[in-house]
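Colleague: Can you walk me through this model? Keep it simple, please.

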Amino acid sequence: MSTAEALLPGAVETRFGTIEQTMVRLLAGDRLPSPPLRALASTATATVVAVGPRERLVDAAAALRPHAQTGGIRAILIAVGTLSTPDVRVTASEILLDGLRTDFVNNAVAALRLPSLPALLWWRGGDPDRAVSLAKLADRLVLDAADPAPLWARLDALAREAPVSDLRWTALTRWRAPMAHFFDLPGVPEAAASFDRLHVTGSDAHSGRLFAGWLTAALKRTPADTRIVPGAQGSIEAASFAGGGNELKLQRRGAACVEGHARVGGRETSRISSLGDQALSALIAEELRVRPRDLAFESSVRAAGAFS
């Protein structure tokens with residue numbers, strides 16, 4: 001199977017100038033893969049543009065396919081490369097531009113996004129400055145680079161162009177919620193004011209930094225002993241916020257749950273909560289439901305810059 005076939009199985013080769021005509025023909029039933037598409041593909045509510053290196057688009061394409069094939073979105077996949085005339089493949093609701101030069105990406109997005117509908121840009125890697133430029137065409141920008149640090153350093157420039165988030169932030173929702181719930185327990189807000197140790201353990205240091213950034217930004221202070229500890233499993237495995245014999249702790253239990261345990265003022269309480277669906281398709285679907293600017297994310301990224 002070629003790379004293009006892996007990215008967009010069953011697609012039809014065409015030229016850039018005939019993309020719309022080919023999609024209309026497919027929508028009308030010519031080589032349409034599945035009859036339900038005929039009724040649903042015209043109900044798209046947004047355009048989702050996934051941009052990045054070819055190897056980072058295979059799983060992104062698979063994550064978008066269910067949403068595109070039920071007619072919810074138009075999915076545009078742009079594998080950046082060196083071609084001014086890329087290889088083009090389409091289905092009734094998906095477009096692949098394989099190998100497109102980065103300086104041609106903006107024009108391609110402007111030409112192919114659905115008019116009068118929101119456009120979400122899913123940035124999976126590449127030149128950070130190009131992300132800033134492309135954000136001008138997006139109603140929402142979702143970052144998802146292997147190394148987000150160069151993009152996070154440009155957060156203010158990105159946020160001036162479009163509301164911005166990161167899939168790491170989306171995945172951390174089920175970690176942030178139980179930590180926030182601790183502060184509803186009697187005595188916790190008072191005790192936490194003296195906590196001086198924050199350790200976040202996980203295999204993805206960037207997720208650990210973002211979680212620590214969120215907590216310290218919310219508290220408006222940084223505990224003296226704040227560490228991002230390497231782990232072996234899961235982007236986040238555990239988080240401990242403690243001091244003075246008291247502790248708020250989150251610990252992953254298996255692949256699907258997180259256990260919260262609070263020990264404050266001689267009282268202890270525990271609770272198991274679900275991590276939810278952490279699949280890529282579920283995370284990007286969650287971002288599709290968000291519209292406004294996320295100021296909590298922005299403040300968390302700024303605070304995360306203090307941690308290495």
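Modeller: We will go from the whole chain to single residues. This is a predicted model, where local features need pLDDT of at least 70, side-chain atom pairs count only at pLDDT 80 or more, and totals for chains, interfaces and linings use all residues. Residues are numbered from 1 along each chain as its sequence is written, and side-chain values use heavy atoms, with hydrogens and water left out.

Colleague: How many helices and strands are in the protein chain?

Modeller: The chain has 14 helices and 14 strands. These are DSSP runs numbered from the N terminus: helices are H or I with at least four residues, strands are E with at least two.

Colleague: What does the C-alpha trace span along its principal axes?

Modeller: About 70 × 40 × 35 Å.

Colleague: And what share of the residues is buried?

Modeller: Buried residues make up 49% of the 308 in the chain. Buried means under 20% relative accessible area, exposed means over 50%, and partly exposed is in between, with a 1.4 Å probe and protein chains only.

Colleague: Which residues have the most contacts inside the largest nonpolar core?

Modeller: I78, L97, M179, F211 and L248. That core has 63 residues. A nonpolar core is a set of buried Ala, Val, Leu, Ile, Met, Phe, Trp, Tyr and Cys residues joined through side-chain atoms within 4.5 Å. Helix 12 (residues 205-219) gives the largest share of this core, 5 residues. Apart from this core lies another, of 25 residues, including A4 and I284.

Colleague: What is L248 in contact with, leaving aside neighbours within four places in sequence?

Modeller: Its partners include M179, F182, F183 and H261. Contact means heavy atoms within 4.5 Å.

Colleague: New topic. How do helix 4 and helix 13 cross?

Modeller: The axes of helix 4 (residues 58-69) and helix 13 (residues 280-288) come within 8 Å and cross at roughly 60°. Axes are lines fitted to C-alpha atoms, for helices over the stretch in contact, and angles run from 0 to 180 degrees between N-to-C directions. So helix 4 is oblique to helix 13. Angles under 35 degrees count as roughly parallel, over 145 as roughly antiparallel, 65 to 115 as roughly perpendicular, and the rest as oblique.

Colleague: Which residues make that contact?

Modeller: D59, A60, A63, L64 and H67 come from helix 4, and L280, S281, I284 and A285 from helix 13.

Colleague: Is S300 buried or exposed?

Modeller: S300 is buried, at 1% relative accessible area. This serine is found in helix 14 (residues 295-304). Leaving aside neighbours within four places in sequence, S300 touches W169, L210, G213, W214 and A217.

Colleague: Where is P148?

Modeller: P148 is in the loop between strand 7 (140-143) and helix 7 (149-152). At 0% relative accessibility, P148 is buried. Its contacts, leaving aside neighbours within four places in sequence, are D166, R168 and H206. The C-alpha atoms of P148 and G125 are separated by 8.4 Å, and the two residues are 23 apart along the chain.

Colleague: What about S116: what is its phi?

Modeller: S116 has a positive phi of about 65°, although it is not a glycine. S116 sits in the loop between helix 5 (105-112) and strand 6 (119-123). With 80% relative accessible area, S116 is exposed.

Colleague: And where is K220?

Modeller: K220 is in the loop between helix 12 and strand 10 (225-230). K220 has a positive phi of about 60° and is not a glycine. At 74% relative accessibility, K220 is exposed.
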